[in-house]
Amino acid sequence: MRICSLAVRGAGAAVVLAVVLPAGAVQAHDNGSVRATVTPASTAPGATVEVSVTGCGGTTGTAGSGAFEGDAELTGRDGDKYTLNGSARIKHGVSGTYDVTVTCDGHPHQGVGTVRVERHNPEPVSPVRAGGGGTARLATVAEADAEANEAGPGTRHAVIGLILAGVAAVAVAFRSVRRRRSE
């Protein structure tokens with residue numbers, strides 16, 4: 001009976017150790033010693049960012065995020081004393097703040113850094129109606145007139161020129177006739 005009691009206690013202690021020790025090892029890897037810095041911290045879609053990680057033992061690792069097109073391959077000297085560095089490209093069509101997860105020493109370290117993606121619209125897609133009586137629409141008409149003027153005079157200009165030349169010729173002839181009569 002006593003051996004059975006000892007066996008049950010020993011089995012219970014083994015179960016407790018089996019549960020507590022791995023949890024302690026996981027906590028040791030997620031103790032906050034691993035940090036990821038993304039430069040620039042705020043960027044636009046399609047940009048390339050640099051990722052620097054401290055607190056990882058070893059010389060290699062990866063950094064991933066929902067904002068990255070793929071994982072950033074991290075390399076460097078001993079990451080426990082120095083930084084591991086890599087670069088990643090930001091996906092097109094994303095915006096917001098994303099966590100960075102680093103995998104080193106064979107373990108993932110989640111949420112050890114962040115990257116903020118902001119969409120920038122430096123130029124308006126279409127004319128902005130910002131007052132001025134619709135100047136954006138008139139600017140396109142002025143551009144069309146300028147293109148027409150660059151092509152040279154058309155038929156309309158030739159007809160107007162001939163009419164003016166004819167009027168001038170009639171005025172000169174009429175004046176000549178009046179001068180001869182007055183002499």
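A residue is called buried when its relative accessible area is under 20%, exposed when that area is over 50%, and partly exposed in between. Glutamate 118, with a relative accessible area of 27%, is therefore partly exposed. The model discussed here is a predicted one.

## Salt bridges

Side chains of opposite charge can pair when their charged atoms come close. Across the whole structure, a search finds 2 salt bridges. Glutamate 118 takes part in one of them, paired with arginine 116, and the closest N and O atoms of this pair are 3.0 Å apart. Arginine 116 is partly exposed, at 38% relative accessibility.

A salt bridge also joins the side chains of glutamate 69 and arginine 89, with an N to O distance of 4.0 Å. Glutamate 69 belongs to the loop between strand 4 (60-65) and strand 5 (72-75), whereas arginine 89 belongs to strand 6 (residues 84-89), so the pair ties together parts that are 20 residues apart in sequence. Glutamate 69 has a relative accessible area of 46% and is partly exposed. Arginine 89 is partly exposed as well, with a relative accessible area of 39%.

## The nonpolar core

In soluble globular proteins, nonpolar side chains tend to be buried together. In this model the largest nonpolar core has 22 residues. Those with the most contacts inside this core are Val51, Val53, Phe68, Ile90 and Val102. Two or more residues each are given to the core by strand 1 (35-39), strand 3 (48-54), strand 5, strand 6, strand 7 (96-104) and strand 8 (107-117).

Which residues does isoleucine 90 touch, not counting residues up to four places away in sequence? Among them are Thr43, Ala44, Pro45, Gly46, Ala47 and Val49. The list also includes Ala67, Phe68 and Glu69, together with Val115 and Val117.

Alanine 44, one of these contacts of isoleucine 90, lies in the loop between strand 2 and strand 3. Its relative accessible area of 22% makes alanine 44 partly exposed. Leaving aside neighbours within four places in sequence, alanine 44 is in contact with Ile90, Val117, Glu118 and His120. Alanine 44 and glycine 93 are 49 residues apart along the chain, and their C-alpha atoms are separated by 9.7 Å.

## The disulfide

A disulfide is a covalent bond between the sulfur atoms of two cysteines. The count for this model comes to 1 disulfide. This disulfide joins cysteine 56 to cysteine 104, with an S to S distance of 1.9 Å. The pair links distant parts of the chain, 48 residues apart: cysteine 56 is in the loop between strand 3 and strand 4, and cysteine 104 is in strand 7. The torsion about the S-S bond is about -70°, so the disulfide is left-handed. Cysteine 56 is buried, with a relative accessible area of 0%, and cysteine 104 is buried at 2% relative accessibility.

## Backbone and loops

Most residues other than glycine have a negative phi, and most peptide bonds are trans. Threonine 39 and proline 40 are joined by a cis peptide bond, with omega about -5°. Proline 40 lies in the loop between strand 1 and strand 2 (42-43). Aspartate 105 has a positive phi, near 60°, and is a residue other than glycine.

| Residue | Loop | Relative accessibility |
|---|---|---|
| Glycine 76 | between strand 5 and strand 6 | 31% |
| Aspartate 105 | between strand 7 and strand 8 | 37% |
| Alanine 44 | between strand 2 and strand 3 | 22% |

Glycine 76 touches Thr59, Thr83 and Leu84, not counting residues up to four places away in sequence. Glycine 76 and glycine 58 are 18 residues apart in sequence, and the C-alpha to C-alpha distance between them is 8.5 Å.

## A nonpolar surface patch

Val159, Ile163 and Val167 make a nonpolar surface patch of about 270 Å². Valine 167 is part of helix 3 (residues 155-182). At 53% relative accessibility, valine 167 is exposed.

Key:
Residues numbered from 1 in each chain as written. Predicted model: local features only at pLDDT ≥ 70, side-chain atom pairs only at ≥ 80, totals over all residues. Heavy atoms only, no water. Helix = DSSP H or I, 4+ residues; strand = E, 2+ residues; numbered from the N terminus. Buried < 20%, exposed > 50% of the residue type's maximum accessible area, 1.4 Å probe, protein only. Patch = residues over 30% accessible without salt bridge, like charges linked within 9 Å, V, L, I, M, F, W, Y side chains within 5 Å. Areas by Shrake-Rupley, 256 points an atom, 1.4 Å probe, with all protein chains shown as cover. Core = buried A, V, L, I, M, F, W, Y, C linked by side-chain atoms within 4.5 Å. Contact = heavy atoms within 4.5 Å. Disulfide = S-S within 2.5 Å.
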